[in-house]
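Open the viewer and get ready to select residues. Each stop on this tour says what to pick and what to look for.

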Amino acid sequence: MTMVFEHFNFAVVIVLMMTGLFAVFASHNMIKKLVGLSVFQTSVFLLYISISKVTGGRPPVLSKKELHGYGGYDKAGDGADAAYKTVSETAEIIYSNPLPHVLILTAIVVGVATLAIGLALVVRTREEYGSIEEDEIDAYNYQDNLEGASR
Amino acid sequence: MKRARKRARANKMGRSENQHIILRVVAKLLIPLIAVYGLYVHFHGDYGPGGGFQAGVIFASSIILYALIFGLDEAKRVVPPSWIRVIMTLGGLVFGGTGVATWLLGGEYLNYTMFAPDSTHAAGQHWGIFAVEIGVLLTVTSVILAIFYAFGSRGGSRRPNNAPNLSDEDKS
Amino acid sequence: MSSLTPAFILDIGLLAMLVMVAIAVVRLRSLFAIVMLQGVYSLISAAWFVSLDAVDVAFTEAAVGAGISTVLMLGAMLLTEREVKPVPMRRQWAPLFIVVVTGMAMFYALGDMPMFGDANSIANATLGVEYVEATKSQIIIPNVVSAVLASYRGYDTFGETVVIFVAGLGIVLLLGLNGNAGRWRAKPNGQDISQIDEQDIS
């Protein structure tokens, strides 16, 4: 039972990921596929952020007192090494891990840029084929190939 | 009575400006606020949540709101597409140029300490992060706007003339 | 996280909403509803990010995922279609099988994941702590995420910026800033070549 509690988030995130993946695989409509991809992508973000959480932690925004040389708070530190040591010895506040936040922050913006590329391709496909259903596009291509052979 | 007649006249005129008067007034209030909030998010990114990515999106969304209310053509007069092409490139160049500047100052690529090597409160890092975030802001804002312009002005969903009518051709 | 703290109850509630929205996205057939639910999904996950201390990520997800990508999908939907054609059940069994097998594999690997909220896991105990400590003395700005994003991982962010730029370039090439890409016709000496071409083809 403790394992369920410890890994509860990861288990649910896996379910979410698989739901998104199913939407990508099973639907033949291209926009629905892209929505499924987006759900899948957001679930991966959830997984990363879930790992970065520390119990009792705070968002990784430091208080001014912890920053040496910031806004006149630097009274003691001349050498950076000395300041580093004093801070790390007296540090009591726990912060959540900032590194996955950075990775996901950029991934979100890149995700929307690539999503836009995909949607642009869908729009062009619709203009050329008159449909965004994969079955109909396949049928059109098949027919086109047959006509090309008989011509 | 008078108002009813006015409404009837407005309906006869189709999509008159009167119908959107609430939207227009509220948007005129909101758009500057959103733009200023975007700038706040950008320049406050060192101290709290925020930064170039978020600020770029928020700033672009203020112009998108303008386009939704006043029409795409009006928005294109405010921010012409030719600017977007320039700004998009400029953002990447600002980011890359910061790295080249640190090179020329004698450090590694994107080693911001070179901007103020003697500073005790890491002023060089602050300048570097500032410059880099400006680059990110420019690129993200202009790319989001470019995407919106592209999708918004693509025209209706016309079925192409040479598209097959599958059901008919299957019969033959 | 072994007891039912308020944070954990919030966690369960938001995750339950996410699961429901995801299943609704799979089952619905109206594209408008699907696109709006995708925005809802992004918004709920942004709320969830806040409860997991990722304020920067939540901000970005709310602005980008719930705002911009919904607008984009609505725009693309207007240019294409409003309804999803139904997929027959016999063609959904194979995807379902693949998805279930993949999910089982991931559940099998679940035991190797770090405990939720564990400060001493490998993911949390090493580089993240180092970045927090180093930011205090080397960068000296309060927001560690900005410091790591712009300074320690500047190369990364430069790469992401270039990716966004290239994506914008791709959009401009595919659709055109004025929506006229691919519709431009060459007219040498005033003669419309495309007219002749189309007559030849059809």
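Start with Arg77(B) and Glu74(B). Their side chains meet in a salt bridge, 3.0 Å from N to O. Keep in mind that this is a predicted model. Both residues lie in helix 4 of chain B, residues 72-78. They are three residues apart, about one turn of the helix. Are they buried or exposed? Arg77(B) is exposed, with a relative accessible area of 65%. Glu74(B) counts as partly exposed, at 30% relative accessibility.

**Chain B as a whole**

Now select chain B. It has seven helices and zero strands. Follow the chain from the N terminus and the elements run α-α-α-α-α-α-α. Of the 172 residues in chain B, 45% are buried. Look at contacts with a separation of 6 or more: residues 24 or more positions apart account for 60% of them in chain B.

Stay in chain B and pick Lys76(B) and Tyr149(B). The charged end of Lys76(B) sits over the ring of Tyr149(B), 5.7 Å from the ring's centre.

**Where chain B meets chain C**

Show chain B and chain C together. How many residues does the contact take from each chain? Chain B gives 49 residues and chain C gives 44. The area buried between the two chains is about 4100 Å². Carbon and sulfur atoms give 72% of that area. Now highlight Phe53(B), Phe151(B) and Arg154(B). These residues supply 18% of the area that chain B buries against chain C, more than any other three residues.

Next, color the helices of chain B.

Salt bridges across it number zero.

**More salt bridges**

Over all chains, the structure holds 10 salt bridges. Select Lys33(A) and Glu134(A). Their side chains form one of these bridges, 3.9 Å from N to O. Lys33(A) lies in helix 3 (residues 30-52) of chain A and Glu134(A) in helix 6 (residues 134-150), so the pair ties together parts that are 101 residues apart in sequence. Lys33(A) is buried, at 18% relative accessible area. Glu134(A) is partly exposed, at 28%.

Move on to Arg126(A) and Glu81(C). This salt bridge spans 2.8 Å, N to O. Arg126(A) is in helix 5 (residues 98-129) of chain A, while Glu81(C) is in the loop between helix 3 (55-79) and helix 4 (93-108) of chain C, so the pair joins two chains. Both residues are buried.

Then select Arg124(A), Glu127(A) and Arg154(B). A network of salt bridges links them.

**Rings**

Finish with the aromatic side chains. There are 11 aromatic pairs over all chains. Zoom in on Phe8(A) and Phe8(C), which form an edge-to-face pair. Their centres are 5.6 Å apart, with 70° between the planes. Phe8(A) lies in helix 2 (residues 8-26) of chain A and Phe8(C) in helix 1 (residues 6-27) of chain C, so this pair joins two chains. Phe8(A) and Phe8(C) are both buried.

For the last stop, select Phe95(B), Trp103(B), Tyr109(B), Tyr155(C) and Phe158(C). Ring pairs link them into a cluster.

Technical notes: Residues numbered from 1 in each chain as written. Chains lettered and ligands numbered in written order. Predicted model: local features only at pLDDT ≥ 70, side-chain atom pairs only at ≥ 80, totals over all residues. Heavy atoms only, no water. Phe/Tyr/Trp six-rings, centres within 6.5 Å; stacked < 30°, edge-to-face > 60°. Helix = DSSP H or I, 4+ residues; strand = E, 2+ residues; numbered from the N terminus. Buried < 20%, exposed > 50% of the residue type's maximum accessible area, 1.4 Å probe, protein only. Lys NZ or Arg CZ within 6 Å of the ring centre and 35° of its normal. Contact = heavy atoms within 4.5 Å. Buried area = accessible area lost by both parts, 1.4 Å probe. Salt bridge = Lys/Arg side-chain N within 4 Å of Asp/Glu carboxyl O.
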